[in-house]
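Me: I would like to go through this structure with you. Could you take my questions one at a time?
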Amino acid sequence: SSGINAEYGGVLAAVMGIFVLISFSAKCIAMGIYMVAAGLVVLLLEATMCFLFLDIGKWIDSKSAMIRPWQKMVLYFGMCVPAAVICGSTSSIVGSLGFLVAGMAYMVLTIGPKGQAAPAAASVPYARQMDDIATA
């Protein structure tokens with residue numbers, strides 16, 4: 001939809017979640033299930049055409065365009081924390097990086113590649129910028 005290919009982060013997280021499931025720790029098994037489910041949520045939001053054969057896929061496809069980039073950024077940043085913190089295995093950390101990369105892609109869309117402050121600062125004369133710095 002937005003052309004940033006964040007669905008690869010979901011695929012990475014889901015695949016790493018399968019590896020996290022192969023564990024003897026109950027916490028890591030739970031986080032593996034979480035990572036697979038969260039990876040499918042990312043795929044559902046980013047690659048809705050893969051789920052159009054389901055009724056919920058059609059509904060998500062119609063609603064997905066209304067989700068703002070900053071909302072997806074917050075969602076994906078929030079998804080990356082639990083598995084890395086609770087389980088802490090290499091697979092869970094690599095899988096969480098998939099969510100982090102998807103969130104960072106939306107962060108670039110949200111604040112822009114150069115940030116919002118750069119155009120505003122360019123319009124202020126240099127001498128006034130120096131005065132503002134000196135009085136701060």
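Me: Is Cys80 buried or exposed?
Reply: This is a predicted model, and in it Cys80 has a relative accessible area of 12%. Cys80 therefore counts as buried, the cut-off being under 20%.

Me: Which other residues of helix 4 are buried?
Reply: Besides Cys80, the buried residues of helix 4 are Lys72, Met73, Tyr76, Met79 and Ala83. Viewed down the axis of helix 4, the buried residues fall within an arc of 130°, so they line one face of the helix.

Me: What do they pack against?
Reply: The buried residues of helix 4 pack against helix 2 (26–46), helix 3 (55–64) and helix 5 (90–111).

Me: How far apart are the end C-alpha atoms of helix 4?
Reply: They are 27 Å apart. Helix 4 covers residues 69–86, and at 1.5 Å a residue its 18 residues should span 26 Å, so the two values agree.

Me: And what comes just after helix 4?
Reply: Gly88 is found there, with a positive phi of about 80°.

Me: On to the cysteines. How many disulfides does a search of the whole structure find?
Reply: The search finds one disulfide. Cys28 and Cys87 form it, with their sulfur atoms 2.1 Å apart.

Me: Where do the two partners sit?
Reply: Cys28 is in helix 2, while Cys87 is in the loop between helix 4 and helix 5. The pair is 59 residues apart and links distant parts of the chain.

Me: What is the handedness of the link between Cys28 and Cys87?
Reply: The link is right-handed, with 100° about the S-S bond.

Me: Are Cys28 and Cys87 buried or exposed?
Reply: Both Cys28 and Cys87 are buried.

Me: What about Cys50, how does it count?
Reply: Cys50 counts as partly exposed, because its relative accessibility is 46%, a value between the limits of 20% and 50%.

Me: Back to Lys72. Which residue does Lys72 form a salt bridge with?
Reply: Lys72 forms a salt bridge with Glu46, and the closest N and O atoms are 3.5 Å apart. The structure holds one salt bridge.

Me: Changing topic: where is Thr48?
Reply: Thr48 is placed in the loop between helix 2 and helix 3. With a relative accessibility of 10%, Thr48 counts as buried.

Me: Which residues does Thr48 touch, not counting those up to four places away in sequence?
Reply: With that exclusion, Thr48 touches Leu43, Ile60, Asp61 and Ser64.

Me: Now the overall picture. How many helices and strands does the protein have?
Reply: The protein has seven helices and zero strands. Along the sequence, the pattern reads α-α-α-α-α-α-α.

Me: What share of the protein counts as buried?
Reply: Of its 136 residues, 31% count as buried. The protein exposes about 8400 Å², and carbon and sulfur atoms supply 72% of that area.

Me: What percentage of the contacts with a separation of 6 or more comes from residues 24 or more positions apart?
Reply: Such residues account for 63% of those contacts in the protein.

Methods: Residues are numbered from 1 along each chain as its sequence is written. This is a predicted model: local features need pLDDT of at least 70, side-chain atom pairs count only at pLDDT 80 or more; totals for chains, interfaces and linings use all residues. Side-chain values use heavy atoms; hydrogens and water are left out. Helices (H or I, at least four residues) and strands (E, at least two) are DSSP runs, numbered from the N terminus. The expected span of a helix is 1.5 Å times one less than its number of residues. Buried means under 20% relative accessible area, exposed over 50%, partly exposed in between (1.4 Å probe, protein chains only). The arc is that of the directions from the helix axis to the C-beta atoms. Contact means heavy atoms within 4.5 Å. A disulfide is a pair of cysteine sulfur atoms within 2.5 Å. A salt bridge is a side-chain nitrogen of Lys or Arg within 4 Å of a carboxyl oxygen of Asp or Glu. Accessible areas come from the Shrake-Rupley method with a 1.4 Å probe; for residues, only the protein chains shown count as cover.
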